[in-house]
Amino acid sequence: MTHPLLTALAQARLRDAPIFVRWCELNGVSACPAAPASVARFVTDCAALGVSRLWSAVQDISRMHVSLGLADPTLGGAAANAMSAIAAIPPPRSWPGPFKQRFTALPYDIQIHLAAHEAQRERALRRAQNDAAAARQKLAAREAETKDEKSNGNEAATRDPN
């Protein structure tokens with residue numbers, strides 16, 4: 001006879017992370033508690049699912065462990081590196097080299113947020129640079145116009161009447 005708590009735990013595992021639990025059963029590894037290396041192997045083996053579906057499965061693994069009071073095997077390390085290899089999100093261009101290398105160890109959702117924030121920041125920076133260039137061109141044109149008026153002896157026209 002199986003203990004009712006073990007039966008409930010097995011049902012919770014299957015309900016909370018069904019893809020991962022089935023993969024663990026097929027590969028002879030423990031689904032709960034799962035080792036980060038097992039999660040990384042799961043991510044690599046199931047890459048064909050696509051990033052969004054795979055990320056959903058990884059979140060299910062995380063929720064399953066956290067809800068049971070266990071350490072989350074999906075945070076950082078091997079699991080994050082495996083997810084990062086599949087997602088292929090480039091690190092922010094503004095980051096120094098050593099930090100770019102550490103970018104792959106961040107969880108996928110943090111990488112997405114940072115990449116979107118960086119893209120938005122770069123768009124704003126380019127827009128500001130374009131606005132400054134346009135203002136410099138207008139100023140140069142105005143200065144050339146003023147210089148031309150002065151050289152033609154039309155200084156009175158450029159003076160402020162007040």
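Modeller: Buried means under 20% relative accessible area, exposed over 50% and partly exposed in between, using a 1.4 Å probe and protein chains only. This is a predicted model, in which local features need pLDDT of at least 70 and side-chain atom pairs count only at pLDDT 80 or more, while totals for chains, interfaces and linings use all residues. Residues are numbered from 1 along each chain as its sequence is written, and side-chain values use heavy atoms, with hydrogens and water left out.

Biologist: What percentage of the residues of the protein count as buried?

Modeller: The count runs over the 162 residues of the protein. The share that counts as buried is 26%.

Biologist: What pattern does the protein follow along the sequence?

Modeller: Helices (H or I, at least four residues) and strands (E, at least two) are DSSP runs numbered from the N terminus. The protein has 8 helices and 0 strands. Read along the sequence, that gives the pattern α-α-α-α-α-α-α-α.

Biologist: Which element has the lowest mean pLDDT?

Modeller: pLDDT is the predictor's confidence in each residue, from 0 to 100. The protein averages 84, and 85% of the residues score at least 70. Among the elements, helix 3 has the highest mean, 93. The lowest, a mean of 52 over residues 155–158, belongs to helix 8.

Biologist: Are the buried residues of helix 2 on the same side or on opposite sides?

Modeller: The buried residues of helix 2 are Phe 20, Val 21, Trp 23 and Cys 24. Taking the directions from the helix axis to the C-beta atoms, these residues cover an arc of only 160°, which puts them on the same side.

Biologist: Which residues are exposed on the other side of helix 2?

Modeller: An α-helix has 3.6 residues a turn, so residues three or four places apart point the same way. The buried side of helix 2 includes Phe 20 and Cys 24. On the other side, the exposed residues are Glu 25 and Leu 26.

Biologist: What is the phi of Gly 28, the residue that follows helix 2?

Modeller: Gly 28 comes after helix 2 and its phi is positive. The value is near 65°.

Biologist: Is the pair of Phe 20 and Phe 42 stacked or edge-to-face?

Modeller: Rings of Phe, Tyr and Trp (its six-membered ring) pair if their centres lie within 6.5 Å; planes under 30 degrees apart count as stacked, over 60 as edge-to-face and the rest as tilted. The whole structure holds 5 aromatic pairs. In this one the centres are 5.2 Å apart and the planes lie at 80°, so the pair is edge-to-face.

Biologist: How many residues apart are Phe 20 and Phe 42?

Modeller: The pair links distant parts of the chain, with Phe 20 in helix 2 (residues 18–27) and Phe 42 in helix 3 (residues 36–45).

Biologist: What is the angle between the planes of Trp 95 and Phe 103?

Modeller: Trp 95 is partly exposed at a relative accessible area of 24%, whereas Phe 103 is buried at 0%. Their rings form an edge-to-face pair, 5.5 Å centre to centre. The angle between the planes is 85°.

Biologist: How many disulfides does the whole structure contain?

Modeller: A disulfide is a pair of cysteine sulfur atoms within 2.5 Å. A search of the whole structure for such pairs returns 0.

Biologist: Which cysteine has the nearest sulfur to that of Cys 46?

Modeller: Cys 32, buried at 6% relative accessibility, is in no disulfide, and its nearest cysteine sulfur is that of Cys 24, 9.5 Å away. Cys 46 is buried as well, with a relative accessible area of 14%. Cys 46 is in no disulfide either, and the nearest sulfur, 9.5 Å away, is that of Cys 24.

Biologist: Is the peptide bond from Cys 32 to Pro 33 cis or trans?

Modeller: Pro 33 is in the loop between helix 2 and helix 3. Omega of the bond from Cys 32 is near 0°, and the bond is cis.

Biologist: Is Ala 88 buried or exposed?

Modeller: Ala 88 lies in the loop between helix 5 and helix 6 (97–103). Its phi is near 55°, a positive value in a residue other than glycine. At 56% relative accessibility, Ala 88 counts as exposed.

Biologist: How far apart in space are Arg 41 and Ala 79?

Modeller: Arg 41 lies in helix 3 and is partly exposed, at 37% relative accessibility. In sequence, Arg 41 and Ala 79 are 38 residues apart. In space, the C-alpha to C-alpha distance is 7.9 Å.
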